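Work through the exercises below with the sequence and coordinates open. Try each task before reading its solution.

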Amino acid sequence: IAGLGTVVGCIAGMFPVFDPETFPSYLEVLRFTIDYSKLNLTNQSLLHILPESTGTFFTDYYTIAFTVILLSGVIFFFKNRMQHGKLQSEGLIFYSIFTAILLFISIIAEKKFLPYHFLRLYVPLAIITSYGAKQFLQHFKSYSFKKNLPVLLPLILCLLILSPLARYGNFVPMIAYFFSDTQKYDTLYERPGLISVNRVQQKEVAKFIKQHLRQDEIIHVMSIGGMPIYNFAGQLTASKFGQSQFYFAKGIPEIWKKEMYNEVARCSWLVIQKNDVFPGLNAHDRTSWESFTMDAYLHQYVQENFTEAYSTDDFIVFKKQNR
């Protein structure tokens, strides 16, 4: 029954793909994904970027404490295998280690080393880490806690400090600020130089637009990190594009750029980000503003039909002229 349900579910899920109105869009995304997979998104050599990105993931995102427990789990697993032979209960750990290795190789093969590419490792790593934690606890039970307190207590405190618990302690106050002090909460997410951590500026832009926005007017945001502006400005019908990568990056389908031209032609407000350099997405080192100015057709159209209305350090706002 479970197998039949899986087959029926898969078939039902495929119906949208074969819809004549949506199938061409799936092909466009497929072609873009193929082209994107071929792009070299970094100028650094593999020997340089691989240790750097891997180290950042395991020490920052996965945390040092969990990485230590993970490595301990691998050591305990192979130690038990050598001492006791094949353990039926540990088959899951073997396949988790094997899967983690294959997934890590896939990251190397793709040559894409942004943090979210490593997230595919989380499931097998979580299983191995859980096993390592269990082995740790069993190992420590054989020691007298009181006799070894001078050694065990600093070790436990160190693991807690280097675990996700410290990060939770850093972020929990933000929840309170969200409800009690909105201005302070916004300030915590305003960091110069980080392309998507400019919440104060996003709200300033949205506030200005909202003060002048008519009900029938549409906003278009050209940005990697500024899409919350739609929400802050109360724009319920946002762009088709999640970010400017999908019309300014290398390898994008020409039809997507034409659709962007159509959106700009329909919009009354145009917001462009000036500092969103992101080679890992665009395969070039231009900001949305620089890509906009290099597009002769788009730049000329905006010059002829829009006027600059507002700006912040990271954003420029244009208003369509009334004809």
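**Exercise 1: The cavity**

Task: list the residues that line the largest cavity of this predicted model, then sort them by class.

Solution. Step 1: collect the lining. I224, S244, F248, D276, N282, H284, R286, T287, S288 and S291 surround the largest cavity.

Step 1: classify. Two of the lining residues are nonpolar, six are polar and two are charged. Here Ile and Phe count as nonpolar, and Asp and Arg as charged. That puts I224 and F248 in the nonpolar group. D276 and R286 go to the charged group.

Step 2: The largest cavity has a volume of about 30 Å³. With a cut-off of 30 Å³ or more, the count is one cavity.

**Exercise 2: Two pairings**

Task: state the sense of the β1/β2 pairing and of the β3/β4 pairing, with a residue pair for each.

Solution. Step 1: take β1 and β2. Strand β2 covers residues 269-273 and pairs with β1 in the parallel sense, over four bridges. H220 stands opposite L270 in β2.

Step 1: take β3 and β4. Their pairing is antiparallel, over five bridges. Y310 has V317 in β4 as its bridge partner.

Step 2: Three residues form the hairpin link from β3 to β4.

**Exercise 3: The overall form**

Task: compare the radius of gyration of the protein with that of a compact globule of 323 residues.

Solution. Step 1: count the elements. The protein has 16 helices and four strands.

Step 1: compare. The radius of gyration is 26 Å, whereas a compact globule of 323 residues would have one near 20 Å.

Step 2: check the extents. The C-alpha trace spans about 85 × 50 × 45 Å along its principal axes.

Terms used: Residues are numbered from 1 along each chain as its sequence is written. This is a predicted model: local features need pLDDT of at least 70, side-chain atom pairs count only at pLDDT 80 or more; totals for chains, interfaces and linings use all residues. Side-chain values use heavy atoms; hydrogens and water are left out. On a 1 Å grid over the protein atoms alone, a cavity is a set of points where a 1.4 Å probe fits but cannot get out, and a pocket is an open set with protein on both sides within 12 Å along at least five of seven lines; lining residues have an atom within 4 Å of a point. Grid points are joined across faces, edges and corners, and a volume is the space filled by probe spheres set on the points. Two strands pair if DSSP finds at least two bridges between them. Helices (H or I, at least four residues) and strands (E, at least two) are DSSP runs, numbered from the N terminus. The radius of gyration is taken over C-alpha atoms; the globule rule is 2.2 Å times the number of residues to the power 0.38.
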